[in-house]
Amino acid sequence: MATYRELLARVKEEIDEISTIEAQARLESSESPLFVDVRESDEWEEGHIPGAVYIPRGRLESRIEGLIPDKSRPLALYCSVGSRSAFAAKVLGEMGYTDVVSVAGGFADWKRNGFEVTIPRVLSPEQRSRYSRHLLIPEVGEEGQQRLLDARVLLIGAGGLGSPASLYLAAAGVGTLGIVDADVVDESNLQRQIVHSTDRLGEPKVLSAKRTLEGLNPDVRVVPCQERLTSENVERILADGWDVIVDGADNFPTRYLVNDAAVWHGIPVVHGSIFRFEGQATVFSPGAGPCYRCLFPQPPPAELAPSCAEGGVLGVLPGIIGSIQANETLKLILDRGDSLAGRLLLFDALSTTLDEVTVRKNPDCPVCGESPTITDYVDYVEFCNTPLELG
Amino acid sequence: MAAVRIPPTLRAEVGGSRLLEARGDTVADVIDDLVERYPALGAQLLQDGELASFVNVYLDGEDIRTRDGLDTPVSEGDQMILLPAMAGGSPKGGTQ
């Protein structure tokens with residue numbers, strides 16, 4: 001039988017400790033360990049070491065492997081004075097973590113030394129409840145949810161693809177959604193454009209979408225842009241600063257404008273397209289991966305573009321492709337997982353098959369290649385005689 | 001013999017088929033075999049004997065332009081995907 005003091009003394013002999021001064025030096029070095037705050041939530045909310053992750057001592061054993069699967073990763077555990085973190089370090093050692101230290105003196109000593117402190121923004125009780133299923137996922141968590149709330153996503157089109165994409169992004173709490181679409185809601189849209197409804201017929205799509213999305217989630221602000229994207233307005237629309245563009249356009253002129261603008265502004269584009277029973281999705285990530293012009297340098301000539309009368313789409317298909325776009329967008333914002341950059345996904349709804357082809361960055365690409373030949377926006381002619389609508 | 005996936009935008013040119021078998025030891029031969037049987041495909045795939053810039057051809061998931069282009073060898077059982085640019089959106093617009 002041992003008293004708490006005896007137990008603590010024994011544990012401290014079995015673990016490695018560093019001072020807060022050493023901890024601060026390591027934090028600023030190029031090989032900083034990951035700081036793990038094992039205090040309670042009210043302590044964390046009053047301030048923590050910059051870059052630290054929060055796992056309360058009581059949840060440490062159950063959560064650590066999900067959050068930090070690499071057991072050789074250097075970890076620096078801290079609490080308020082260095083006791084809870086000492087016990088925590090011992091447990092992690094028993095769980096197979098090989099490079100764990102406890103910060104002696106803890107956060108109290110850190111603050112006494114005048115070192116930098118991050119005051120975390122906290123979710124309201126309503127947000128905790130609304131996003132609880134996100135908060136339970138280690139890859140999202142509170143920090144990820146804050147990222148989503150801070151994120152700004154521009155949707156090109158509030159149609160077939162934009163409907164499911166915007167609904168899921170709004171539900172996920174993406175804080176600002178810009179929507180570019182010049183059209184009004186038409187009866188023929190409602191077979192697949194689920195962000196709209198019958199009582200919105202004749203209403204501008206951007207306003208109909210705004211009502212639906214802000215009604216779904218009051219954390220979301222929708223910035224409506226009731227115009228068609230052109231070389232004249234693209235710079236103005238992009239000037240608002242967007243983290244990700246979701247391309248749900250249904251025509252080549254818009255797709256090439258979006259691509260060129262995104263390359264020049266360094267904004268990733270989550271691309272989706274649909275036709276009848278088949279859809280495609282990929283991510284164009286400027287700098288890191290190919291762009292749309294690496295895939296298709298230019299649109300087909302008008303005479304070879306497929307006849308407009310042959311169109312049509314199964315209503316659920318944009319639901320599937322648009323949801324894939326929402327998924328890729330969330331991953332880009334959260335900086336988690338492997339994006340579709342460099343891979344074009346081909347979905348066939350009739351056979352229910354998913355194929356994938358490789359898309360490589362083209363060194364001869366006219367926009368993102370080594371010697372670009374296109375340096376200004378190009379307004380391609382529309383291929384149909386009938387007016388086009390987005391999405 | 002390669003299995004060639006025909007995209008929905010080109011099915012009118014091949015009588016509605018989604019998948020066609022075609023013969024040839026290279027991508028060029030396989031396309032020639034297809035065009036011989038479905039002449040309307042020619043204008044959609046080729047420009048001056050070269051693969052049109054708005055069409056991609058994938059052999060087992062790799063863009064043939066990153067391999068040997070139309071000279072890329074085709075093995076028995078390879079899967080080829082023809083992929084013209086597809087803007088894709090609403091039924092009214094089709095692929096415009």
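This is a short walk through one protein chain, stop by stop. Keep in mind that you are looking at a predicted model.

**Stop 1: the whole chain**

Of the 391 residues in chain A, 44% count as buried. Among contacts in chain A with a separation of 6 or more, 68% are between residues 24 or more positions apart.

**Stop 2: two domains**

Now colour residues 4-112 of chain A, which are assigned to domain 1, and residues 151-358, which are assigned to domain 2. The C-alpha centres of domain 1 and domain 2 of chain A lie 43 Å apart.

**Stop 3: strand β10**

Select residues 269-275 of chain A, which make up strand β10. How many of the residues of β10(A) are buried? The strand is mostly covered, with 7 of its 7 residues buried. Show the side chains next. In a regular strand, side chains alternate between the two faces of the sheet. Here, Val269(A), His271(A), Ser273(A) and Phe275(A) point one way from β10(A), while Val270(A), Gly272(A) and Ile274(A) point the other way.

**Stop 4: the partners of β10**

To find one of the bridges, pick Asp247(A), whose partner in β10(A) is His271(A). Then follow the chain from β9(A) through helix α13, residues 252-265 of chain A, to β10(A): this β-α-β crossover is right-handed.

Next, bring in strand β11, residues 278-284 of chain A, which runs antiparallel to β10(A) and is joined to it by 7 bridges. Click on Gly272(A), and you will find its bridge partner in β11(A) is Ala281(A). β10(A) and β11(A) form a hairpin with 2 residues between them. In that turn, Arg276(A) has a positive phi of about 55 degrees.

**Stop 5: Lys90**

Finish at Lys90(A), in helix α5, which covers residues 84-94 of chain A. Why does Lys90(A) count as partly exposed? Lys90(A) is placed in that class because it has 17 C-beta neighbours inside 10 Å, and the class lies between exposed, at 12 or fewer, and buried, at 20 or more. Beyond its neighbours within four places in sequence, Lys90(A) is in contact with Val11(A), Glu14(A) and Ile15(A).

How values were computed
Residues numbered from 1 in each chain as written. Chains lettered and ligands numbered in written order. Predicted model: local features only at pLDDT ≥ 70, side-chain atom pairs only at ≥ 80, totals over all residues. Domains from an automatic or database assignment. Contact = placed C-beta atoms within 7 Å. Helix = DSSP H or I, 4+ residues; strand = E, 2+ residues; numbered from the N terminus. Pairing = 2+ DSSP bridges. Right-handed = clockwise from strand over helix to strand, strands pointing away.
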